[in-house]
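Thank you all for making time this morning. I would like to walk through one model with you, going from its helices to its surface and its charged pairs.

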Amino acid sequence: MAFDLKTALTSFAPTLATMLGGPLAGAAVTALEGAMGLAPGAGADGITKVLQTGAVTPETMAAIRTADQRHAELMGQQGLDLVKINADREAAMAAVDAADVKSARDSNSGKDATWWIAIVILLTFAAIMAAVLWGCWTLLQGGITIKDVSVVAAVSGLVGAVVGYVAANAQTVVNFIFGGSLGSHKTTAALSDSVSQAIAAVGK
């Protein structure tokens, strides 16, 4: 499962964690960089790396809690509701997404080429998933000999990336035809991670 920075911070820095989920994410990242002693610009990736490696000292944890409390007080003084701010942002993004999809449908739904492209994308996705399942089954049956486990890790990452890319395009086709939501786009990343983990596990 992919590391979720927001979830990891929720238990001890709930205000900063909530800020990460909305338009104030930049301010939260800057506060975390300062509290963790990271160079400006380290960003969410740098913060995530520190938390993943467990390189958080008691002093750093105290600094993060202090920064969280300071921002909580600041939000309270300004009467800002972070949950509402984030919800409004999500609603605005959903409206933009819906308008974009509607515009695409209006422009392309009457073109035969659009439907042929959609068919090709869906068939490609089906073929790739069938190949992945067949490969996993063959590994389980001992039909493929693994000489180097590190190669399996590299291959699983590549296959996961390919599946994620094709799945994203397939999801776009489905959303175009049947409608969709912002949440549905997140399933492609989950699918990619699952495929990578499954291949690596079977290879071992």
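This is a predicted model: local features need pLDDT of at least 70, side-chain atom pairs count only at pLDDT 80 or more; totals for chains, interfaces and linings use all residues.

Residues are numbered from 1 along each chain as its sequence is written, and side-chain values use heavy atoms, with hydrogens and water left out.

When I say helix, I mean a DSSP run of H or I with at least four residues, and a strand is a run of E with at least two, both numbered from the N terminus. On that basis the protein chain has nine helices and zero strands. Of its 204 residues, 29% count as buried, where buried means under 20% relative accessible area, exposed means over 50%, and partly exposed is in between, with a 1.4 Å probe and protein chains only. If we take contacts between residues at least 6 apart in sequence, 68% join residues at least 24 apart, a contact being heavy atoms within 4.5 Å.

Let me stay with α7, residues 112-140, whose 29 residues reach 42 Å from the first C-alpha to the last, close to the 42 Å expected; the expected span is 1.5 Å times one less than the number of residues. Its buried residues include Ala-118, Met-129, Val-132 and Cys-136. Trp-116, by contrast, lies in this helix but is exposed, with a relative accessible area of 59%. Together with Ile-119 and Leu-123, Trp-116 forms a nonpolar patch on the surface with about 360 Å² of accessible area. Such patches are built from residues with over 30% relative accessible area and no salt bridge, nonpolar side chains being joined within 5 Å and like charges within 9 Å, and the areas come from the Shrake-Rupley method with a 1.4 Å probe.

Which side of α5 is buried, and what does it pack against? Thr-60, Ile-64, Ala-67, Asp-68, His-71 and Met-75 are buried there, and they cover an arc of only 100° around the axis, which puts them on the same side of α5; that arc is taken from the directions from the helix axis to the C-beta atoms. The buried residues pack against α2 (14-20), α3 (25-36) and α6 (82-108), whereas Pro-58, Glu-59, Gly-76 and Gln-77 are exposed on the other side.

Finally, the charged pairs: a search of the whole structure finds two salt bridges, each defined as a side-chain nitrogen of Lys or Arg within 4 Å of a carboxyl oxygen of Asp or Glu. In one of them the side chains of Lys-84 and Asp-88 meet at 2.9 Å, N to O, and both residues lie in helix α6, four residues apart, about one turn of the helix. An α-helix has 3.6 residues a turn, so residues three or four places apart point the same way. Asp-88 counts as partly exposed at 39% relative accessibility. In the other, Arg-89 pairs with Glu-90, the closest N and O atoms being 3.9 Å apart; Arg-89 is partly exposed at 32%, and Glu-90 is partly exposed at 38%.
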